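The sequence and the structure are shown first.

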Amino acid sequence: MPARRRTVLLTAGVALALTAGPLAAPALAHTPSPAAPPPASSAPVPTTPASAPVARHSAPNATALRAALDGVPGAHATAALVRIGGGDGVWRGSAGVRDLAGGGPADADARFRAGSVTKVVTAAVVLDLVADGRIALDRPVQHYLPGLLGPAFRPVTVRQLLNHTSGIRPGDSLGSTVEEEYSHRFDALSPTQVVASAVAKGPEFRPGSRQHYLNVNYTILGLLIEKVTGHAYATEARRRVLLPAGMQDTGFPGADPRIHGPHNRGYQAMPGPDGTTRLVDVTEWNQADRWAAGDMISTTADLERLVTALFQGRIVPEPQLREMFRVPAHIKGATYSAGLQRYEHEGRVYWFKSGARYGYSTGVAATRDLSRTVVYSVNDTNAKDESGNPVVQAVVQAALK
């Protein structure tokens, strides 16, 4: 493997303007427990209004952050980009190589597959449509998309799709192993096929009684957006979120398997027939079946712009924005809100979203008052491994110091 290359830029002192860059949270896997039938609404988690003064904490720990990037490139990651901002201060760092064949330092401004961070955009579009009076959170999705869910399903509200309490089972994919999926990397299931495969399995639980994070909820929300607006999902996402946030390097590739523009190539560890493991270039991959749940390509700077504009109320009006900081109070252990997840560390609450596509792990998060924001993109050699990538975990822990 080529010699390690790393660049780090540290801006000491406190940032005068609020910027955002989210963080990756440590593994937070949990199995929701069954609960009694839900009340009519969920209780909000107390939050700080966007207009409140930013609380000052210690500046980003440059030493810990530099150490988190040591060893890149290595067995777990070929490149890593980290962007921290907010009222506490600013830190930027990158490590690794652009590609294993030609080497060259990792591009700090590279585009990458953001995976499930796409759900933040989808939730914002839906909530903006709620603000416009075109969608009602507590109206069943069956009202907007009649016939989509079969007779076996009770009414599933838009709110329940947003916070993953719908009870709809996961949709099918193009393989159960990375090797199977890789062989179909230029194929795709349509969103309607994905939803139909989920519906055919019947409900998993009564809507609103449990929380189970699944892509299919946001695939249905993508269909809902298209139905009520008459426009393509990507068109509404650009108009309502990307343009207001100034996200000029973000887009939705659809069936195009390429990442256009500057990017660091992604690799996946694949087992060989002789028992050895090799890194396979997985940069080109059709992600169209992930669609409104995970199809977006972005940059760390654009994701920083997203969380900043969003938390400042410049994308979704404040009354609807509260839904992004609201977890179902009646469900024990629930952590997911509309598009985000709540995580508390040493008395400080972060709202984050992570994403993983083969070759790329991404995270974005911030405190409600934007005193600390973190964005990372790691060219993860086993991005779908639920045990967690050591580089990602090191970056997260350093970002929280």
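Helices (H or I, at least four residues) and strands (E, at least two) are DSSP runs, numbered from the N terminus. The model is predicted: local features need pLDDT of at least 70, side-chain atom pairs count only at pLDDT 80 or more, and totals for chains, interfaces and linings use all residues. Residues are numbered from 1 along each chain as its sequence is written, and side-chain values use heavy atoms, with hydrogens and water left out.

**Helix packing**

A residue is called buried under 20% relative accessible area, exposed over 50% and partly exposed in between (1.4 Å probe, protein chains only). In helix H6 (residues 191–199), the buried residues are Pro-191, Val-194, Val-195, Ser-197, Ala-198 and Val-199.

Two strands pair if DSSP finds at least two bridges between them.

| Strand pair | Bridges | Direction | Residues opposite each other |
|---|---|---|---|
| E9 (residues 341–345) and E10 | five bridges | antiparallel | His-345 and Arg-348; Gln-341 and Phe-352 |

Strand E10 is mostly covered, eight of its 10 residues being buried. E9, by contrast, has a covered face made of Gln-341, Tyr-343 and His-345 and an uncovered one made of Arg-342 and Glu-344.

**Aromatic pairs**

Rings of Phe, Tyr and Trp (its six-membered ring) pair if their centres lie within 6.5 Å; planes under 30 degrees apart count as stacked, over 60 as edge-to-face and the rest as tilted. The structure holds eight aromatic pairs. One of them joins Tyr-213 and Tyr-336, whose ring centres are 5.0 Å apart and whose planes stand at 25°, so the pair is stacked. Tyr-213 lies in the loop between H6 and H7 and Tyr-336 in the loop between helix H11 (318–321) and E9, so this pair ties together parts that are 123 residues apart in sequence. Tyr-213 is partly exposed at a relative accessible area of 23%, whereas Tyr-336 counts as buried at 13% relative accessibility.

Phe-325 and Trp-351 form an edge-to-face pair, 5.3 Å centre to centre with 80° between the planes. Phe-325 belongs to the loop between H11 and E9 and Trp-351 to strand E10, so the pair ties together parts that are 26 residues apart in sequence. Phe-325 is buried, at 2% relative accessibility, and Trp-351 is buried as well, at 2%. Ring pairs also link Tyr-182, Trp-285 and Tyr-358 into a cluster.

**Cavities**

On a 1 Å grid over the protein atoms alone, a cavity is a set of points where a 1.4 Å probe fits but cannot get out, and lining residues have an atom within 4 Å of a point. Grid points are joined across faces, edges and corners, and a volume is the space filled by probe spheres set on the points. There are two cavities of 30 Å³ or more. The largest cavity has a volume of about 90 Å³, and its lining includes Leu-174, Glu-181, His-184, Trp-285 and Arg-357.

Note on methods
1 Å grid on protein atoms, 1.4 Å probe; cavity = no way out; pocket = protein on both sides within 12 Å on 5 of 7 lines; lining within 4 Å.
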